[in-house]
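This briefing describes the structure shown below, organised by topic. Please read it alongside the sequence and the coordinates.

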Amino acid sequence: MKIASWNVNSLKVRLEHVLQWLESAQPDVLALQETKMTDDVFPQTAIEAAGYQVVYAGQKTYNGVAIIAKDQPKDMITDIPDLGDPQRRILAATVNDVRIIDLYVVNGSAPGTEKFTYKLNWLDKVTRFIEQQMAQFDDVVVLGDFNIAPDDRDVHDPDKWHEKILCTTEERQALNRILDLGLQDSFRLLHDDAGLFSWWDYRMNGFVRGLGLRIDLVLCSDEMSEAVTAAYIDDEPRKWERPSDHTPVITEFYW
DNA sequence: ATGGTCGATCGTCGA
């Protein structure tokens, strides 16, 4: 089973990229973030024509998540207890008996801002939701744009980014509280290397210069970690014309 | 140098 995550930064602009990537990579599951469109204009027909099923939760202009899968995603959840947040950042669904939780984590702007506080509160509520889901489902994958670089290996210039947004101790502690529920960062099961990134800022020619962060993650429950056969980042789509600023991250399991 | 580039939308915000 091949499970991937990709922040597409507007599915309207990136639909052809997604279709091309589905055809070449043939994932069983592709979780999208930042579709930036309402459900009534979601390109369901085009995705189904490519041989996939899809569920989605979108809004105008901002956010938006979707789960594309060869098997029909079932039992979807878009709203979680106590959050009271209309933003479409969360989508849980079951695919091939694996509970998939697709997250577009709040960016947080900068430490000390209201948005940063909101990010930490949002992560706290989501952590409780994941805990509940893990109590209900045997196999859980939590993936998406976490907007957190787990440690300094995931940062091109750790000194420059020290305690900056996406790299603060508080954000990393919040991520660790999710991992402490019994989840693994699947990429780190197989790779110790620094300097492997999933996002590069559009500005300053960041991709060509390697000015990236690894903020897109595929977490799997501890029991699933034994079954991970590959975990990697496909930076090819970041080289395509008019790319998203993120590129797909992929984890493969032997069943 | 605290910049820069995108996307949605149409002046400006979010990332």
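In strand 7, Ile101 is the bridge partner of Ala92. This is a predicted model, in which local features need pLDDT of at least 70, side-chain atom pairs count only at pLDDT 80 or more, and totals for chains, interfaces and linings use all residues. Residues are numbered from 1 along each chain as its sequence is written, chains are lettered from A and ligands numbered from 1 in the order in which they are written, and side-chain values use heavy atoms, with hydrogens and water left out.

**The sheet that contains strand 7**

- Strand 6 (residues 90-95) and strand 7 (residues 98-104) are antiparallel and paired over six bridges; helices (H or I, at least four residues) and strands (E, at least two) are DSSP runs, numbered from the N terminus, and two strands pair if DSSP finds at least two bridges between them.
- Helix 3 (residues 114-136) packs on the sheet and touches strand 5, strand 6, strand 7, strand 8 (140-145), strand 9 and strand 12 (216-221), where contact means heavy atoms within 4.5 Å.
- The direction of helix 3 makes about 175° with that of strand 7; axes are lines fitted to C-alpha atoms, for helices over the stretch in contact, and angles run from 0 to 180 degrees between N-to-C directions.
- Helix 5 (residues 169-179) also packs on the sheet, where it touches strand 9 and strand 12, and its direction makes about 130° with that of strand 9.
- The sheet is open, has six strands in the order 5-6-7-8-12-9, and shows mixed pairing.
- Strand 5 (74-77) and strand 9 (183-185) stand at the edges with a single partner strand each, so one side of each has no neighbour in the sheet.
- From one strand to the next, the twist averages 20°.

- Strand 3 (residues 53-57) is largely enclosed by the rest of the structure, because four of its five residues are buried; buried means under 20% relative accessible area, exposed over 50%, and partly exposed in between (1.4 Å probe, protein chains only).
- Strand 3 runs antiparallel to strand 4 (residues 65-69), joined by five bridges, and Val54 stands opposite Ile68 in strand 4.
- Strand 1 pairs with strand 2 (residues 29-33) in the parallel sense over five bridges, with Leu30 in strand 2 as the bridge partner of Ala4.
- Strand 14 (residues 249-253) is likewise largely enclosed, because four of its five residues are buried.
- Four bridges join strand 14 to strand 1 (residues 2-7) in the antiparallel sense, and Lys2 stands opposite Glu252 in strand 14.
- Strand 13 (residues 228-233) is antiparallel to strand 14, with five bridges between them, and Val228 stands opposite Phe253.

**Two buried residues**

- Glu171 lies in helix 5 and is buried, with a relative accessible area of 0%.
- The side chain of Glu171 makes a polar contact with the side chain of Lys119 at 2.5 Å; a polar contact is a pair of N or O atoms within 3.5 Å, and within protein one must be able to donate a hydrogen and the other to accept it, while residues adjacent in sequence count only if both atoms are side-chain atoms.
- A polar side-chain atom of Glu171 also lies 3.1 Å from the backbone nitrogen of Leu166.
- Beyond residues up to four places away in sequence, Glu171 touches several others, including Asn107, Phe116, Leu120 and Asn147.
- Val106 belongs to the loop between strand 7 and helix 3 and counts as buried at 5% relative accessibility.
- Residues that Val106 touches, not counting those up to four places away in sequence, include Arg89, Lys115, Tyr118 and Trp122.

**DNA strand B**

- Of the 15 residues around DNA strand B, Ser10, Arg14, Thr61, Arg203 and Met204 come nearest, a residue being near if one of its heavy atoms lies within 4 Å.
- Sugar and phosphate make up 64% of the atoms of DNA strand B that come within 4 Å of the protein.
- Phosphate oxygens of DNA strand B lie 3.2 Å from a polar side-chain atom of Lys60, 3.1 Å from a side-chain N or O atom of Thr61 and 3.4 Å from a polar side-chain atom of Lys115.
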